[in-house]
Amino acid sequence: MARMKSWVLLVLVSILITGLFVGCGKKEAADQTTASALEAIKAKGKLVIGVKGDFPPYGFVDEKGNNVGFEIDMARRLAEDLFGDPEKIELVVVTGTNRIPNLQSGKIDVILATLGITEERATQVDYSKPYFKSGVQLLVPKDSTIDSLEDLKGQQVITITGTTGDAGLQKLVPEAKLLKLATTSEALQALRDNRGVAFAQDNTLIYVLAKQYPEFKVVGEPFAESEWALAARKGETDVVDWINKNLDTWLQEDYYYQLYEKWIAKDTPDNFDPSVWIKRP
Amino acid sequence: MGFDFNFIMEQIPYLMLGARNTLIISVIVLLLAVIVGIVGALAKTSGGRFLRLITGMYVEIARNTPELVQIYFVFFVFPSLGLKFNSFVSGVIAMTFFGGGYLVEVFRAGIEAVPKTQVEAAKSLALKNRQIIVNIVFPQALKICLPSLIGYLIFILKMSSLLATIGIVELTFVANDVIANNFHAFEMFSAVALLYLIMVWTISWLLGIVEKRFKYEL
Amino acid sequence: METMIRLENVHKTFGSLQVLNGINMEVKKGEVVVVIGPSGCGKSTQLRCINGLENIDAGRIMVKDIDITSGKVDWQVVRQKVGMVFQSYNLYPHLNVMRNLILSPMKVQKKTKKEATEYAEILLDRVGLLDKRDAYPGQLSGGQQQRIAIVRALMMQPEVMLFDEVTSALDPELINEVLNVMIDLAKSGMTMMVVTHEMGFAKAVANKIVFMSNGVVAEEGPPEEFFANPKDERLKSFLSKVLH
Amino acid sequence: MPWDIVVKNWSFLAAGLWATIEIFVVSMIAGTVLGVLMGVLRTSRVFLIQITTRAFIEVFRGLPTLITMFFVYFAVPMLFQIEIPSFLAAVIGLTLWELSEIAEIMRGAIQSIPKGQVEAGRAMALNKAQVLIYILMPQAVRRMLPPLIGVYTRLVKGTALASLVGVNDLVMAGKIVVERTLEPLEVYVFIMAVFFIINYPLSVLSRKLERKLI
């Protein structure tokens, strides 16, 4: 009879586990139907922000495993504004591929992950004001003769699926063959292995990479320029308004420049003018 | 969010390209893996000590490390060892590596399942060892292996989804590529899942028929 | 008369088990020698040594004038001279009857398919199984399979045939169809060495009967004398068990 | 210096390994429990239960686990407006595959037990549940064990997929280390070695049990 009991127990536990999955889901779903999105975040007691984990110095994971960077500081300041505590935040590492699906599915409240403004995306999310402007440039080996988009025709070029570089290159140089990978680390390695003649990516990233790895250099004029903004779910205008209010304050305080000095300056060429990227008062 | 049929209809050519590539890669890998499997099985059953040891090590590594990491290994590590292959070749090499590792064991089991008395009968009829393997042991082993081979074609087909990570344009890559720009994740993954299921179920159905016929002859 | 098979002081062990313990035996051309004895006495092992399915530990085995224990023997030559039929038929299940028969003649003796097929048809007809030429072994009865197995061995035109308990796995009603083939074969002058429990067969066709016990030849002689007047005690007790 | 990179980044890689182990353990338990349940339901005499469980099993055995995982991670949240973090998506994806495999093994094991066993049990006045628990399950479990361990080794390898839905597992940690150092060889050899050390004993055990059974 003892064995019979343990069998029944097993069944009950399994049902419980199944119920738990379903139950959790329902609860979260209920939260999201609250009228004010910002109030819902407040009620939750923490801000859930999708950030990059492989995009130094904007959003990356340091050697201790902490999320840090330009955008992470911004994220924490947002939490501080909302809750008076920069730690009331949950950082979810997202990729170029999954950041918008994550937002739409409610996994995150806000995207702060090097997201460029495009018309297509604007139909999916609501953007804040821009906080950064980047363009796509090419990272090539030091001894490469490539120096403009023209040179990419008929060549294999490395991109990251779903990035501005990927889309821009497809539009501007359809003759180039694209090797589409998922992360920067993979793309960088592919470039080192000469799997493509160039790696097309935001200049924010590749200036840093060029400084970090002297075997590479940055070439060409920026193309497919895009302004980065935060994004909230479509229709959550109160969230966007609240973010914009913050962004205005930061511009007045020259906070972007502080962040530039803290995170980026050390990784850019000596006479680099940061106003290529950021606005100053 | 409803199911956007029109969107899927627009993507059909791209989806078909992905499905076609998935099939092509799977068939190429299966053929190569069968060769590796046969050679390995012969080495393991009738090779010398050293050959058996090497084959054994290969099989254990192929079977006991993640397929994804093996693919990364070929694509990202090989170049630093002076071996550079493009995405497609890298993918085929990596998949043949682990597919072959499984098939060595399948064929070895098949060869060992052929009764010893068959070999004795063939010997008594003056056939040479090589002739015995080719004419007597192998055909019988192949029939014994057939159900497992079905399983492994499906296994390989499913595993080919990992090749999206090194930029090979197969079905999973198509899904990722489309949703990265258009966000119809539910529609795309439903369509891709359906295509995978159609391929997997068709293969198991077709080979099921072949299997039945073989069984009758035995 | 020419000696076809000679065993001289043959020893064989499996691990710690002494199976053959100094066997001496001779089979002359045209003779039918029947080997009997209790199970485990080494009868089958002895046959298997003669065509190299087992290696012996000591002694010498001659097939005609070839010393097959010399270590540099060409088994392909010996095995063409010596045909063997097994207890479990061992037909190749993946080949049909005809292809079972012609495989070795074509691969080993380099006969053309036509030659081999014609000869196979003659032999199949002789055992009454010509109509089964396209059947697979799995579709045949045990008796039919064993008759095919005999034909398969004969296809190589051997000079000696070894039979290893060929009727033991058969249902009683199928035994005779196989024995009849063997009797015909004996009458045609084939040299045969037969391990069997079929005493009737032994009495009918054997020139010589050999009784093996504990890995040695305990007694041998022509059938009349052998059955009528056994001397060895072990043989007497064995006969009393199998004859009644 | 060999292993320099691994040693320097040890705590980072260890954190990844820990996540990998967590994913494995959670999916293993969930998949086993649900798989056994599903396997029993699969052998049900009720046609509706039989056909639904069969469809479920065929779908999740047929799909590449990566697709299942992506579906759970990207598509399901959109469809049902629920939140599925990376870790849970990885676990659910792996569990759905694993439980289907286990259910199939379970069905095979139960159906391979001769009918006479059931009849003998029924003849001894045991009821259906008792036959299942005292006669069928103990025999089935013995037959299930080797393929079950086989599923676990495949599950260990499958955890590597978690990196593709953003879990900071061992593979992801390795990738990040490689990006920092641009030295792939050591890191990937290390990752493979870790998986090998976990998996090899499991596959040896599975083979031993299989031989014991024969």
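# A walk through a predicted four-chain model

Chain A and chain C have no contact either, with 46 Å between their closest C-alpha atoms. Before going on, some ground rules: this is a predicted model, in which local features need pLDDT of at least 70 and side-chain atom pairs count only at pLDDT 80 or more, while totals for chains, interfaces and linings use all residues. Residues are numbered from 1 along each chain as its sequence is written, chains are lettered from A and ligands numbered from 1 in the order in which they are written, and side-chain values use heavy atoms, with hydrogens and water left out.

Let's start with chain B. Chain B has eight helices and zero strands; helices here are DSSP runs of H or I with at least four residues, strands are runs of E with at least two, and both are numbered from the N terminus. Its C-alpha atoms fill a box of roughly 70 × 50 × 20 Å along the principal axes. Chain D has zero strands as well, and nine helices. The C-alpha trace of chain D spans about 70 × 45 × 20 Å along its principal axes.

Now put chains B and D together. Four pairs of chains touch, and the pair with the most contacts is B and D. The size of an interface is often given as the accessible area lost when the parts come together. Here chains B and D bury about 3300 Å² between them, and 77% of that is on carbon and sulfur atoms (buried area is the accessible area, taken with a 1.4 Å probe, that two parts lose on being put together, summed over both). B:Asn64, B:Lys158 and B:Phe186 supply 18% of the area that chain B buries against chain D, more than any other three residues.

What else links B and D? Across their interface there are two salt bridges, a salt bridge being a side-chain nitrogen of Lys or Arg within 4 Å of a carboxyl oxygen of Asp or Glu. In one salt bridge, the side chains of D:Arg207 and B:Glu60 meet at 2.9 Å, N to O.

B:Phe76, B:Lys84 and B:Phe183 supply 36% of the area that chain B buries against chain A, more than any other three residues. The count here is one salt bridge, and you can find it where the side chains of B:Asp177 and A:Lys180 meet at 2.8 Å, N to O.

Chain C brings in some strands. Strands of a sheet pair through backbone hydrogen bonds, either parallel or antiparallel. In chain C, an open sheet of four strands runs in the order β2-β1-β4-β5, with antiparallel pairing (two strands pair if DSSP finds at least two bridges between them). The edge strands of chain C are β2 (17–28) and β5 (66–67), each pairing on one side only. Two bridges join β4 (residues 58–63) of chain C to β5(C) in the antiparallel sense, and the bridge partner of C:Met62 in β5(C) is C:Asp67. Helix α1 (residues 43–50) of chain C packs on this sheet, touching β1 (3–14), β2 and β4 of chain C, and its direction makes about 65 degrees with that of β2(C). For that angle, axes are lines fitted to C-alpha atoms, for helices over the stretch in contact, and angles run from 0 to 180 degrees between N-to-C directions.

Key. Contact = heavy atoms within 4.5 Å.
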